[in-house]
Amino acid sequence: MEREASASGPRGAVGSERKIRTVGLTGGIGSGKSTVAALLVRQGAHLVDSDAIARALTGPGGAAIPALVQAFGASVLGIDGALDRALMRKRAFAEPGVKARLEALLHPLIGLEARRQAEAAAGRPVVHDVPLLAESRGPAGWRTRVDRVLVVDCPEAVQIARVAQRPGWTEALARQVLAQQASRERRRAVADAVLYNDGLTLQALAGQVRALWALWFGAGEAVEQ
């Protein structure tokens, strides 16, 4: 089945007689996933952003801070009392087991808050922005918890170039993060539709999102903001 989107619009986006209410959105770092999430919100989606939830949990006074200090020590906090994400990232790369321990601590808390936010959708389609969706497997995995999966994809060279332009990032660090994430092939394997985000203007990408929204939810549900 062709799952890729072209410059003329999305192809291979799966339709169904079952009404679609939830979408899992994922993509590698630098793919443009956050841009697609914002475009979906413009169409009327209720966005549940796992990264934003994680930042709140690990921010100053966040619910995860006591457990993080207990697990990794007070040195993982910045002067503002928030988790030092750059330091934690370095430790996750350098120390075996740190990444798994961090995820085991945060993921249940993220899941609880994600469910709470999804319940506030008031009938709107819910889009779960989940960077690690493809890595989530088994009966409780994200693929079993949403009606459709949308993957934002682009070549790794493009991802690295985009990420390296961010403050505090380098090409080497971007490559390290990519090596820890699911491969493009693995993400595409769980997708119902793929938006190929390379060489597109924002206007062209928005057009693809509108086309996919109309296919999955019907043009009548779009509420451009």
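Before the first stop, a quick definition: helices here are DSSP runs of H or I with at least four residues, numbered from the N terminus. Keep in mind, too, that this is a predicted model.

Stop 1: Select helix H5, residues 98-118, and pick out lysine 99 and glutamate 103; they sit 4 residues apart, about one turn of the helix. Their side chains meet in a salt bridge, 2.8 Å from N to O. Glutamate 103 is partly exposed at 23% relative accessibility, and lysine 99 is partly exposed at 29%. In general, side chains of opposite charge can pair when their charged atoms come close.

Stop 2: Which residues are linked in a network of them? Select Asp153, Arg184 and Arg188. Arginine 184 bridges to aspartate 153, with the closest N and O atoms 2.8 Å apart. That pair links distant parts of the chain, as arginine 184 is in helix H8 (residues 184-189) and aspartate 153 is in strand E6 (residues 148-153), 31 residues apart. Now look at arginine 188, whose side chain meets aspartate 153 at 2.9 Å, N to O. Arginine 188 lies in helix H8 and aspartate 153 in strand E6, so this pair ties together parts that are 35 residues apart in sequence. Is aspartate 153 buried or exposed? Aspartate 153 is buried, with a relative accessible area of 4%, while arginine 184 at 22% and arginine 188 at 24% count as partly exposed.

**Stop 3: a glutamine inside.** Select glutamine 159 in helix H6, residues 156-164. This glutamine is buried, at 3% relative accessible area. Show what surrounds it: leaving aside neighbours within four places in sequence, its contacts include Gly28, Ser31, Leu178 and Arg184 from the last stop.

**Stop 4: rings.** Go to helix H9, residues 202-217, and select tryptophan 213 and phenylalanine 217, 4 residues apart and so separated by about one helical turn. The structure holds 1 aromatic pair. The ring centres of tryptophan 213 and phenylalanine 217 are 4.4 Å apart and their planes are at 45°, so the pair is tilted. Both residues are buried. Then hop to tryptophan 142: arginine 145 lies over its face, 3.8 Å from the ring centre.

**Last stop: zoom out.** Colour by secondary structure and you'll find 9 helices and 7 strands. Of the 225 residues, 44% are buried.

Note on methods
Residues numbered from 1 in each chain as written. Predicted model: local features only at pLDDT ≥ 70, side-chain atom pairs only at ≥ 80, totals over all residues. Heavy atoms only, no water. Phe/Tyr/Trp six-rings, centres within 6.5 Å; stacked < 30°, edge-to-face > 60°. Helix = DSSP H or I, 4+ residues; strand = E, 2+ residues; numbered from the N terminus. Buried < 20%, exposed > 50% of the residue type's maximum accessible area, 1.4 Å probe, protein only. Lys NZ or Arg CZ within 6 Å of the ring centre and 35° of its normal. Contact = heavy atoms within 4.5 Å. Salt bridge = Lys/Arg side-chain N within 4 Å of Asp/Glu carboxyl O.
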